[in-house]
Amino acid sequence: MSTITRRIIPAIAVAGTMMLVATGCVAGENATADAESTPAGSGEWSADTLSIDFATYNPLSLVIRDQGILEDILGDDVTVEWVQSAGSNKANELLRSGSVDVGSTAGSAALLARANGSPIQVIDIYSQPEWSAIVVGPDSDITSVEDLKGASVAATKGTDPYFFLLQALEEGGLSLADVEVQNLQHADGRAALDGGSVDAWAGLDPIMAAAEQESGDTLIYRNVDFNTYGFLNATEDFIDNHPDLAQAVVDAYEEARVWAIEHPEETAALLADVAGIDLEVATTVIQERSNLDVSGVPGDDQLAVLEKIAPVLVESGDVQGGQASVDKALSSIINDTFATKAGASE
């Protein structure tokens with residue numbers, strides 16, 4: 001059975017049997033008995049509101065929001081509140097404050113947040129992207145990572161581009177002490193580069209792809225292995241007390257994945273509209289730098305990437321508790337319950 005066929009079966013089943021999803025889902029690892037005991041056929045969900053983010057770096061979230069997939073699954077009993085995340089750091093802030101129940105980040109950002117005490121777990125993988133690179137202006141003399149010594153670099157701390165920068169510096173025989181990092185949100189980083197107030201920028205798509213086309217900016221260093229997966233994260237409180245809603249979210253993501261894979265042009269058009277970028281730029285992001293055709297089940301592949309980046313996190317000094325905190329986070333960040341159920345027919 002093909003990947004797409006395997007994935008579409010549970011998605012269609014969910015869309016057609018909303019009450020069964022609400023009552024028959026597999027609960028999270030620590031789900032309470034009360035959350036599991038919704039009477040079969042009652043049509044009731046464990047909460048009347050679901051807060052979830054959408055982000056231009058998460059194309060599947062745009063599909064779900066645009067097509068009303070979650071609203072169709074949940075019906076009139078649950079109000080879906082959509083909140084935009086400007087970056088992984090902002091998504092983590094929303095999760096930490098309780099402003100959203102589910103938020104999308106890079107894997108590195110999720111690990112950093114959990115290592116620093118944020119009670120989140122990854123419940124689905126939305127992409128395996130190449131969404132970050134080191135960017136310079138069109139007239140820059142900087143042509144390699146080694147040339148960054150003494151340079152000012154814009155980067156958003158707590159996000160994949162920041163950790164990409166750390167790894168790139170190490171690869172080039174440099175360290176953070178060799179550059180001046182300006183902590184700017186992604187769009188502000190591009191503006192700083194184009195305005196000449198920084199020498200380089202650790203970029204993020206789709207803003208980065210737009211900078212290439214519109215400003216003539218150049219990607220001087222790319223390395224797909226330094227990009228971590230797209231993590232869909234939920235708070236442990238949400239997982240424990242609302243496993244039915246968590247399952248609905250993951251099922252919506254798997255339905256959106258099938259549609260996006262089958263409709264890359266429409267997905268690019270949607271990204272262009274939401275991000276306010278040219279269709280050509282959005283097409284580059286979707287077709288060349290986003291791999292949506294990956295398993296949504298978090299597991300060994302993601303842990304392997306996180307284990308590779310763990311020493312970089314520790315050495316950066318951004319983790320309270322150092323290696324012990326990172327190790328603890330690695331052992332507890334994965335929750336594959338809902339994604340496994342969404343792919344139960346595989």
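In this predicted model, 5 strands come together as an open sheet with mixed pairing, and reading across it gives the order 7-6-8-5-9. Strand 7 (180-183) and strand 9 (218-221) sit at the edges with a single partner strand each, so one side of each has no neighbour in the sheet. Going from one strand to the next, the twist averages 35 degrees.

Inside that order, strand 5 (residues 132-136) and strand 8 (residues 200-204) run antiparallel and are joined by 4 bridges. Val135 takes part in this pairing, with Trp201 in strand 8 as its bridge partner.

Two helices turn up against these strands. Helix 9 (residues 186-195) lies across strand 5, strand 6 (152-155) and strand 8, and its direction is at about 145 degrees to strand 8. Helix 10 (residues 207-215) packs on the sheet too, touching strand 5, strand 8 and strand 9. Its angle with the direction of strand 8 comes out at about 125 degrees.

As for empty space, rolling a probe the size of a water molecule over the atoms shows where it is left. Here the count comes to 3 cavities of 30 Å³ or more. The largest cavity has a volume of about 70 Å³. Its lining is made up of Thr56, Tyr57, Pro59, Ser127, Pro129, Trp131, Asp205, Val285, Arg289 and Ser290. Sorted by class, that lining holds 5 nonpolar, 3 polar and 2 charged residues.

Definitions and conventions
Residues are numbered from 1 along each chain as its sequence is written. This is a predicted model: local features need pLDDT of at least 70, side-chain atom pairs count only at pLDDT 80 or more; totals for chains, interfaces and linings use all residues. Side-chain values use heavy atoms; hydrogens and water are left out. On a 1 Å grid over the protein atoms alone, a cavity is a set of points where a 1.4 Å probe fits but cannot get out, and a pocket is an open set with protein on both sides within 12 Å along at least five of seven lines; lining residues have an atom within 4 Å of a point. Grid points are joined across faces, edges and corners, and a volume is the space filled by probe spheres set on the points. Ala, Val, Leu, Ile, Met, Phe, Trp, Tyr, Cys and Pro count as nonpolar, Asp, Glu, Lys and Arg as charged, and the others, Gly among them, as polar. Two strands pair if DSSP finds at least two bridges between them. Axes are lines fitted to C-alpha atoms, for helices over the stretch in contact, and angles run from 0 to 180 degrees between N-to-C directions. Contact means heavy atoms within 4.5 Å.
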